[in-house]
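Try each one yourself before reading its solution.

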Amino acid sequence: MARALAGLAALNVAYAVVGLSILWGLRGFRTWGDVLRLAGLGYLLGVAAFGVLWTALLTAGVPFGGIEVAGSLVIIGAAGAVTALVRRSTVPHGIGRPRATPILLVSAAGIALAGLYLEALFRTARLQSLQSYDAWAFWVPKGKAIFFFHGLDEHVFTTTPNAPYPPLQPILDAAAFHAMGGAEVVTLHVQFWFLLVGAVAAVAGLLHGHAPEWIVWPPVLLVLVVPRLQEHLFVPQADILVDVLVVVAALLLALWLRDRAGWRLAAATVLLAASVNTKREGIVFAAAVLVVAFAVSLPRYWLRLAVAAAAVALAILPWRIWAAQHDIPAGTPPSFDVDRIGAAVRLSFDVLYSTERWSVVPLVATIALAAAAVWGDRRLAAYIGLLSLLLFAGGVWSTVGFVELTLTADESGNPIVRYTGSIVLLAAAALPLLLSSVWRRDEGT
Amino acid sequence: MSPHRLRLAAAAIVVVPLVGYPLVVAADGARSPTADDCVHVAPEGSTEALDLVFGRRDTWAEADELLERVRGVGYVDAEARPDGCWRWKVLYDGIESYEQGAESRAEARGAGLEAELELEPPG
């Protein structure tokens, strides 16, 4: 088991190194402190780029073996480094000491609390069994199929439940199996712990400097312990991954709307390209993020957004073509039963504002959104508000369109709770930006 | 507080708990799981679901070899499965009671196999 854990750790460090290399190519680093701050985002970028690349390669019939996995990581990392050299991106030098103000202690306390909680979760993650139906019925079997048969086994990928789901999560599972030295489904849960650590680091790192530290950490810590997430953090399914990819991309675009730094848009594009290859709803989520970014941007930025949207659309094609060639349906809602709209809206609303599932995160975020719309950054409030509404509408559409779904929050009959996770994570990630926009306005008056 | 001391305090706030917590947990007796954690020998008279396990091997090839031997003795429905702790186990899952299992175990041992009655894993 120690060997498996060491292998898994090495794989995840490789994801981070590869992603940081991409970031180096996109923006350069001034200091090693910068590298550390963006390590979480780098990790997610590494995971996303690896997943998107292998989705395309597997659909083209390229075999998935240990050497190929290592080789692909080297190639992606090298591409980032070459881009950095060609663009003459700045090389990090010096640590870049943090400013020595009392708020530094708040930041340290936030890191310590989040770190302690994640350490405790590691012990849970390494001893989890495979219990969830979706995990053992198709997510993990697909990963095993890629691991054992070195590709998209036609039988497994066309006959297991939810065949239209794209293969990015199973690809990550298969890579983890290679790193561990076997298809061991208990230790596999640790892969999801690494994803969680990367997500927390990415959000905190991105928010650094854009919101006061005392506003950044409470929402991050709160969302980590909300009952629903706590129960499902390590379930080997793609729900948390797709939410994390979309929310971090949405956060990058929220910051891009402020500073128009091209690297943010490029990084968001990679994450959205991964999200559309992770789950069906990833397409709805990515479309919502891009549509809202268009809506709140001036026309002169539309071309850049259009290029990003085209890149994301292109990333969907390999899997869609493979799926169509194998008679796998698109998986879109087959109908639209208007009689179900009222009940679907009520259900989605009840689930979103359920304190038993999400604690007070949606409620506080709604208040922060209203405050930012009135007293703070109105464009940011419009962006987060519209995006939340579109994500909410997507959940309603799913319940309305799939008439076989029961009008219940019970997950065996309707995935609305899983779907709502994206809105709640977005709320937690955006809360510091929304509140600080109100706070800073107060400071300025 | 001087900037130097402030930075030191911040570093201590991060490092002390993050290093201290795993040390305290380890000192408190929390141990790492081992392959033996997947072996649950059935207590005498158990009414739980039972398997007759003929042994565990590190590789599929070794397990397949043992499986052939077990089938050769007469357990034609025996199978090899992963045990969840990095090993392959050879077992017969048609045991319906502890008494029947104990008889089968005695027969298997009589045939030179290292059989044991184990609790069937959940799932």
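**Exercise 1.** Which strands of chain B are included in what covers the buried residues of α2(B)?

*Solution.* Keep in mind that this is a predicted model. Start by locating the helix: α2 of chain B runs over residues 60–73. Next, pick out its buried residues, which are A63(B), L66(B), L67(B) and V70(B). Then look at what covers them: the cover includes β1 (50–57), β2 (79–82) and β3 (88–92) of chain B.

**Exercise 2.** Explain why the buried residues of α2(B) line one face of the helix, and find the exposed residues on the face turned away.

*Solution.* Now return to A63(B), L66(B), L67(B) and V70(B). Viewed along the axis of α2(B), these buried residues lie within an arc of 110 degrees, so they line one face. Turned away from that buried side are the exposed residues A61(B), E68(B) and G72(B).

**Exercise 3.** Compare the span of α2(B) with the expected value, then describe the residue that follows the helix.

*Solution.* The helix has 14 residues, and its first and last C-alpha atoms are 20 Å apart, close to the 20 Å expected at 1.5 Å a residue. After α2(B) comes G74(B), with a positive phi near 135 degrees.

**Exercise 4.** Describe the side of chain B that touches chain A.

*Solution.* First count the contacts: 15 residues of chain B meet 15 residues of chain A. Then sort the chain B side by class, which gives 12 nonpolar, 2 polar and 1 charged residues.

Key. Residues are numbered from 1 along each chain as its sequence is written. Chains are lettered from A and ligands numbered from 1 in the order in which they are written. This is a predicted model: local features need pLDDT of at least 70, side-chain atom pairs count only at pLDDT 80 or more; totals for chains, interfaces and linings use all residues. Helices (H or I, at least four residues) and strands (E, at least two) are DSSP runs, numbered from the N terminus. The expected span of a helix is 1.5 Å times one less than its number of residues. A residue is buried if 20 or more other C-beta atoms lie within 10 Å of its own, exposed if 12 or fewer, and partly exposed in between; C-beta atoms are placed from the backbone. The arc is that of the directions from the helix axis to the C-beta atoms. Two residues are in contact if their C-beta atoms, placed from the backbone, lie within 7 Å. Ala, Val, Leu, Ile, Met, Phe, Trp, Tyr, Cys and Pro count as nonpolar, Asp, Glu, Lys and Arg as charged, and the others, Gly among them, as polar.
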